[in-house]
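Subject: Structure handover

Hello,

Here is the structure I said I would pass on. My notes on it come after the files.

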Amino acid sequence: MKTALSTTTNTFSLKAIFTDFKEITKAGLAISVLFSSIAGYLLGFDNEFPFQWSVLLMLCIGGYCMVGASNAFNQVIEKDIDALMDRTKNRPVPSGRMSSNVALLVASLLTLVGLTLLYMINPKTAMFGAISIFLYTSVYTPLKTLTSLSVFVGAFPGAIPFMLGWVAATGNFGIEAGTLFLIQFFWQFPHFWAIGWFLYEDYEKAGIFMLPTGKKDKGTALQVILYTVWLIIASLLPSIGYTGKLFISPVAAGIVFLLGLWMLYYAVQLYKIRTAKAARTLMLVSVSYISLLQLVYIIDKFLR
């Protein structure tokens with residue numbers, strides 16, 4: 001009986017630890033970010049830089065570690081703020097299930113492992129990974145309670161994963177990686193402003209204002225539309241022949257354009273009705289948009 005109880009307790013503990021690890025690293029977000037890096041890698045390799053499973057594996061593990069470390073550092077810094085918001089108060093640190101010291105240890109170990117693996121791919125990949133963690137934790141996070149410009153700052157580390165895959169494949173940062181960065185950079189704005197809109201009241205409790213005008217008004221909605229237009233333009237750049245080895249066919253460009261119109265439609269809907277439901281729908285569409293765009297790019301490469 002005692003043995004059975006011990007086994008049950010150990011099982012529960014291991015399950016709890018695994019659950020808290022997923023939450024402290026934001027596993028769902030980390031995996032979606034990782035998908036962007038994998039997409040960039042698949043677009044980057046060629047005869048000059050052949051595909052290597054070992055590199056892809058190091059990119060996946062190292063990339064997850066870097067994103068997980070950023071999220072863990074963020075949750076330590078924002079533990080008091082997270083405790084004020086409904087959507088974050090049950091996270092491991094603000095809820096008290098994990099101490100700040102343990103969370104810092106987890107974040108530090110993830111940073112060390114992540115940087116080591118990315119450096120084993122090539123130094124530039126590790127450099128961009130380190131820049132991403134620094135900007136996210138040391139610049140973006142502190143600015144969130146000071147200015148809505150934090151979204152602009154946060155767009156830089158948020159845009160790194162797509163191009164990081166290209167740099168991992170080639171060891172180079174050129175027009176191709178820069179274009180991938182630009183696409184995901186402009187994508188950040190409608191995506192996070194949509195989140196800031198439908199979670200406005202929750203963010204308000206913690207003194208965080210993500211919307212460009214500070215309000216759920218036409219000014220914010222108009223900027224969502226404008227940045228969506230910039231996103232569409234950036235997404236079509238690989239079709240005009242001036243982005244080096246990164247190129248998409250006219251058919252792929254047509255599909256990408258239609259995807260852009262799809263997202264633009266919901267951005268316009270937000271401008272028209274300005275409801276939390278419209279903002280949530282736009283957020284979900286934006287997630288689908290960036291994933292589908294990356295799939296179109298990849299499929300187009302292998303079909304040409």
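Predicted model: local features only at pLDDT ≥ 70, side-chain atom pairs only at ≥ 80, totals over all residues.

Helix H11
H11 runs over residues 218–236. At the start of the helix, a side-chain oxygen of aspartate 217 comes to within 3.2 Å of the backbone nitrogen of glycine 219. The buried residues of H11 are Thr220, Ala221, Val224, Ile225, Thr228, Leu231, Ile232, Ala234, Ser235 and Leu236. They pack against three helices: H9 (175–198), H12 (250–273) and H13 (276–303).

Threonine 125
This residue is part of helix H7, residues 123–143. Threonine 125 has 0% relative accessibility; buried means under 20%, so threonine 125 counts as buried. Apart from neighbours within four places in sequence, threonine 125 is in contact with Leu118, Leu164, Val167 and Ala168.

Surface patch
Phe35, Trp262, Leu292, Leu295, Ile299 and Leu303 make up a nonpolar patch on the surface, and together they have about 540 Å² of accessible area. H13 contributes the most to this patch, with four residues. Phenylalanine 35 belongs to helix H2, residues 27–44. The relative accessible area of phenylalanine 35 is 31%, so this residue is partly exposed.

Regards

How values were computed: Residues numbered from 1 in each chain as written. Heavy atoms only, no water. Helix = DSSP H or I, 4+ residues; strand = E, 2+ residues; numbered from the N terminus. Expected span 1.5 Å × (residues − 1). Buried < 20%, exposed > 50% of the residue type's maximum accessible area, 1.4 Å probe, protein only. Contact = heavy atoms within 4.5 Å. Polar contact = N/O pair within 3.5 Å; in protein donor to acceptor, adjacent residues only side chain to side chain. Patch = residues over 30% accessible without salt bridge, like charges linked within 9 Å, V, L, I, M, F, W, Y side chains within 5 Å. Areas by Shrake-Rupley, 256 points an atom, 1.4 Å probe, with all protein chains shown as cover. Salt bridge = Lys/Arg side-chain N within 4 Å of Asp/Glu carboxyl O.
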